[in-house]
Amino acid sequence: MKILVCISNVPDTTTKIRFTDDDTRFDTASVQWIINPWDELALTRALELKEGSGGSIEKVTVVNVGPKESEPTIRKALAIGADDAVRIDAEPLDAHVVAGELAGHIRNNPYDIVLCGIDSSDYNGSLVGGMLAELLDLPSVSSVSKLNIENDEITINREIDGGSEILSTETPFVAIVQKGIALEPRIPSMRGIMMARKKPLNVVEAAGAEPLTEFVRFELPPPKAACKMVDEENIRELVALLHNEAKVL
Amino acid sequence: MTSAIIFPIFVSFINLYTMNFEFSEEHKMIRQAARDYAQRELLKDVLERDAKAEIPWDHIKNLTELGFFGMMVSPEWGGGGMDTISYVLAMEELSKVDSATAVILSVHNSLVCWGVEKYGTPEQKEKFLRPMGSGEKIGAFLLSEPEAGSDATHQRTVAEDKGDYYLLNGTKNWISNANSGQIYIVIAQTHPEKGHHGINAFIVDKDTPGITLAPHEDKMGMRSSDTHSVMFSEAKVPRENRIGEDGFGFKFAMKALEGGRIGIAAQALGIAAGAMERAVQYSKERKAFGKYLSHHQAIAFKLADMGLKVENARNLILKSAWHKDNGLSYGTLSAMAKLYAADMAMEVTTEAVQILGGYGYVKEYHVERLMREAKLTQIYEGTSEIQKIIISREMLRD
Ligand SMILES: Cc1cc2nc3c(=O)[nH]c(=O)nc-3n(C[C@H](O)[C@H](O)[C@H](O)COP(=O)(O)OP(=O)(O)OC[C@H]3O[C@@H](n4cnc5c(N)ncnc54)[C@H](O)[C@@H]3O)c2cc1C
């Protein structure tokens, strides 16, 4: 069995967001890039499944649609433990480009399980996974919070309003994953980091998927009022904050 | 015409004097891995471990699995094969949260593993470095004695030459990793008449009969790093466990400490940077006299001073690490790095407590602990005064 994890290269969640070109483009200057957090969890789960599979999952591959600049992020996925990587050499201009390029690659290189994050933390479109499944004419499950494989039986938990649905499916399929799929993203080991450059990172030519979106203008949301999180056990701090800062006690 | 002549000269100058302040992709990944581990895992129980002075066994295990223990040991001996820059980045990030765990790593990596790899025989490496390279066994470095601290030349621990073996008698003091560690490097006097030229260094298994530990020291800071006195009573150490020629021990210890200081300097840097990050955050949340602390210039200027000192220390430490990695001499630089970083960590953490006011003085807010931890970096692996002796001696040398 082979698993493919689609990863997108996104700005670190602490990035200060700025726009250029009359607010029609995101300013990428001095941005720290990371693996989209859901994708990193998906990768972590894929590796856990492979390690627990007793060899029946042979390989975990990561794929990214992006320019050469996204290679450090791809190598981070290799450092975390993916066996190999594919970069489809195209600007990820919108979800259609990404899904179209991924579909083109997967049609020629089939995988048993394709994992996508529920959305990417930059544009939050929540489009790629569903679109990809449609383009490939594969079954897909959305909002996946658990994925288990036991004796080739696949069970999936899907989050629904007020509860969760347990499904089973056959391969191949696309799972669109969210919170719960893995507890925490795996930290790469020193060995993994040193090995990353030695693993295959195959660059493939773009199939030429066209964008369907035009960005007219970006706008920043109004700044949020300050919110402080207090640990649930830390009543003393809460009381102190209410007393000294909010001055309501 | 002239520009045609000048241009090629200009190009060759650029090649000659290339300087590069950029980290490699691997460096950034290592720093991030250490940061993630520290912020996600060490932070969870650091206050509790500080209160209870408990050895962080789980963290040692996890950091071993991640490959931090033995990270600079060559892969030939089961290590990570990383450079000193990587090690500095890891030490800084771990120490931002928990320098007690970081010092266990530092003694293991920069004193013990380095010493055996650099000066050990192939047999010693097979037997002792391999398990340390993988982190399966942890190292400790036994130099200080009750009456030989800064002046390490007057070793009272005796290693009597008995032919096939040496017989060790005496007491070592303040030994980090005495309990968590398994492989000791012990410095002892074999030929008292030769002064420090008679000193030897030995690799000793902790389970050797005749070795006992005094109770854990109840310390001001770095409380979950285990520090004990270690007593040797007729402990037999095979001759083949001696490091280098007869009488090489003192020089060996000084060489190991040259590199060790880079680790401790990076630890001090992390402590300071951790306290500074907390002070910056706090100053943006706390209001006094109707405005945020950060909008009071007196506080903002304190933050500016902290930022400057932290950056200065970082540069000096990375420079000494770079010298070490490139085979250049680094003894004076690492003494400067440790002196500057330790003193600056004391200043920065003290100011961080000041910025947090009363909150800074209670445990929940971490900065008082960081201040207690900073103090030790001015003391061990050579006090700040001793670093000044090392630096000035080099400057005054004819
Ligand atoms: C928690 C902890 C962990 C430690 N871990 C280890 C370890 O793992 N292995 C190990 O071998 N040692 C370890 N040490 C020992 C440490 O390196 C010594 O404490 C240190 O070298 C100072 O020695 P001392 O305590 O005997 O102080 P002393 O040497 O007695 O110094 C006392 C004071 O006098 C000053 N002083 C001394 N000589 C001079 C001089 N010539 N000029 C000016 N000032 C001078 C010192 O700077 C200091 O301020 C550790 C110590 C501590 C506290």
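Reply: Helices (H or I, at least four residues) and strands (E, at least two) are DSSP runs, numbered from the N terminus. This is a predicted model: local features need pLDDT of at least 70, side-chain atom pairs count only at pLDDT 80 or more, and totals for chains, interfaces and linings use all residues. Residues are numbered from 1 along each chain as its sequence is written, chains are lettered from A and ligands numbered from 1 in the order in which they are written, and side-chain values use heavy atoms, with hydrogens and water left out.

Me: Is B:Asp246 buried, partly exposed or exposed?
Reply: Buried means under 20% relative accessible area, exposed over 50%, and partly exposed in between (1.4 Å probe, protein chains only). B:Asp246 has 36% relative accessibility, so B:Asp246 counts as partly exposed.

Me: Which residues does B:Asp246 contact, leaving aside its neighbours within four places in sequence?
Reply: Contact means heavy atoms within 4.5 Å. With those neighbours left aside, the contacts of B:Asp246 are B:Tyr166, B:His191 and B:Asn200.

Me: Which side chains are joined to that of B:Asp246 by a polar contact?
Reply: A polar contact is a pair of N or O atoms within 3.5 Å; within protein, one must be able to donate a hydrogen and the other to accept it, and residues adjacent in sequence count only if both atoms are side-chain atoms. One polar contact of B:Asp246, at 2.8 Å, goes to the side chain of B:Asn200. Another, at 2.7 Å, goes to the side chain of B:His191.

Me: How many salt bridges cross the interface of domain 1 and domain 3 of chain B?
Reply: Chain B is divided into domain 1 (22-133), domain 2 (139-247) and domain 3 (251-396), with bounds from an automatic or database domain assignment. A salt bridge is a side-chain nitrogen of Lys or Arg within 4 Å of a carboxyl oxygen of Asp or Glu. B:Arg314 and B:Glu92 form a salt bridge, with the closest N and O atoms 2.7 Å apart. Across the interface of domain 1 and domain 3 of chain B, the rule finds three salt bridges.

Me: Which helix gives the most to the side of domain 1 of chain B that touches domain 3 of chain B?
Reply: In chain B, α2, α4 (84-97) and α5 (99-119) each supply at least two residues of that side. The one that gives the most, with 10 residues, is α5(B).

Me: What area do chain B and chain A bury between them?
Reply: Buried area is the accessible area (1.4 Å probe) that two parts lose on being put together, summed over both. The contact takes 25 residues from chain B and 22 residues from chain A. Carbon and sulfur atoms carry 56% of the buried area, and the total is about 2100 Å².

Me: Which three residues supply 28% of the area that chain B buries against chain A?
Reply: These three supply more than any other three residues. They are B:Glu25, B:Met29 and B:Arg40.

Me: How many salt bridges are counted between chain B and chain A?
Reply: B:Glu364 forms a salt bridge with A:Arg236, the closest N and O atoms lying 3.8 Å apart. The count between the two chains is five salt bridges.
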